[in-house]
Amino acid sequence: MEWERILLTYKQAADELKAKFDNIALQFKKLENTSPIFIVEARVKTIPSILAKARRKKIPMEEIEAEMWDIAGLRIICRFVDDIKTVVDIVKAREDMEIVEDRDYVTHMKPSGYRGYHLLVRYPVYTAHGRREVLCEIQVRTLAMNMWAVTEHSLRYKYKGMIPEEVSRRLTRTADAAFMLDTDTNIIKDDILEAEKSNKSRERIILDITNSIEALDSVAKVNEVAELYHKFVDVMDANDYTSLEGFYNEIRLITQAYNIR
């Protein structure tokens with residue numbers, strides 16, 4: 001098989017998909033201050049990994065590209081369980097890929113304890129030798145689900161697939177704990193997002209105040225600027241958002257008086 005050509009095609013597909021979903025996350029953050037997409041990871045299986053799976057699954061060499069669905073993989077990690085459905089809906093609404101199959105392991109957990117949502121998509125790439133369609137697996141998980149899955153994968157690799165019973169029981173308990181963490185976090189999701197929004201607003205105001213005082217430094221009297229610096233320090237020490245907003249409005253009036261924008 002022409003492994004270099006084949007894997008370059010899969011890498012192109014994974015890289016393109018990662019760029020697209022990274023851009024979606026950026027748009028959400030810019031327009032809505034938060035995004036259902038927290039992290040996007042892309043990977044392509046190595047040749048030894050492909051051959052080992054083909055041997056384990058009894059896939060003929062000439063059927064690898066058609067039968068092995070996860071040569072190219074995209075992992076989209078969310079912060080909240082609710083975000084998984086949002087991301088899945090985004091993927092299903094796209095017209096630049098075809099959904100071949102989806103598997104909901106969030107609602108229907110695997111016996112191992114694994115949770116996540118998998119979508120198999122057929123994605124067209126335009127290579128140096130023309131258009132090709134490749135299969136790519138998109139996994140959507142929360143941070144807690146991903147932590148568990150990475151741990152389980154490492155242990156499965158260490159024990160060559162035969163995880164000892166005691167370790168398996170501990171993994172099951174860990175899966176339950178991860179699910180409880182996701183459940184509790186999802187309940188207080190609105191509080192978390194509201195707190196983050198408030199913190200971002202505070203950071204923006206502090207930056208605006210700092211920039212305004214620096215601008216005043218070149219046009220206002222020295223003692224006036226020094227007094228503003230001292231007042232700013234006092235407001236920061238008080239750690240009171242209302243006082244910070246009040247000082248921000250005061251600074252805006254002063255900069256307007258000096259015709260600073």
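Me: How many residues does α9 have, and what does α9 reach from its first C-alpha to its last?

Reply: The general idea is that the expected span of a helix is 1.5 Å times one less than its number of residues. Helices (H or I, at least four residues) and strands (E, at least two) are DSSP runs, numbered from the N terminus. In this structure α9 has 17 residues and reaches 25 Å from its first C-alpha to its last, close to the 24 Å expected at 1.5 Å a residue. The model is predicted: local features need pLDDT of at least 70, side-chain atom pairs count only at pLDDT 80 or more, and totals for chains, interfaces and linings use all residues. Residues are numbered from 1 along each chain as its sequence is written, and side-chain values use heavy atoms, with hydrogens and water left out.

Me: Which residues of α9 are buried, and where do they fall when seen down the axis?

Reply: Buried means under 20% relative accessible area, exposed means over 50%, and partly exposed lies in between (1.4 Å probe, protein chains only). In α9 the buried residues are L244, F247, Y248, I251, I254 and T255. Viewed down the axis of α9, they fall within an arc of 125°, so they line one face of the helix; the arc is that of the directions from the helix axis to the C-beta atoms. T242, L253, Q256 and A257, on the other side of α9, are exposed. The cover over the buried residues of α9 includes α7 and α8. Just after α9, N259 has a positive phi of about 60°.

Me: What should helix α8 span at 1.5 Å a residue, and which of its residues are buried?

Reply: Helix α8 covers residues 222–238, and its 17 residues should span 24 Å; the end C-alpha atoms are 25 Å apart, which agrees. V225, L228, F232 and V235 are the buried residues of α8. They fall within an arc of 80° when α8 is seen down its axis, so they line one face of the helix. On the other side of α8, the exposed residues are V222, N223, E227, H230 and D237. What covers the buried residues of α8 includes α7 (189–216) and α9 (241–257).

Me: Which residue forms a salt bridge with K231?

Reply: Side chains of opposite charge can pair when their charged atoms come close. A salt bridge is a side-chain nitrogen of Lys or Arg within 4 Å of a carboxyl oxygen of Asp or Glu. By this rule the count comes to 22 salt bridges. K231 forms one with E250, and their closest N and O atoms are 2.7 Å apart. K231 belongs to helix α8 and E250 to helix α9, so the pair ties together parts that are 19 residues apart in sequence. K231 counts as partly exposed at 36% relative accessibility, and E250 is partly exposed with a relative accessible area of 29%. Elsewhere, salt bridges that share partners join E98, R122, R131 and E133 into one network.

Me: Which strands pair with β2, and is β2 mostly covered or uncovered?

Reply: Two strands pair if DSSP finds at least two bridges between them. Strand β2 (residues 72–78) is joined to β1 by six bridges, and these two run antiparallel. β2 also pairs with strand β5 (residues 130–142), in the parallel sense and over seven bridges. I76 in β2 stands opposite V40, and in β5 its bridge partner is V140. β2 is mostly covered, with six of its seven residues buried.

Me: Where does K45 lie, and is K45 buried or exposed?

Reply: K45 is in the loop between β1 (39–44) and α2 (47–57). K45 is buried, with a relative accessible area of 16%. Contact means heavy atoms within 4.5 Å. Leaving aside its neighbours within four places in sequence, K45 is in contact with L7, I50, K53, M68, D70 and I71.
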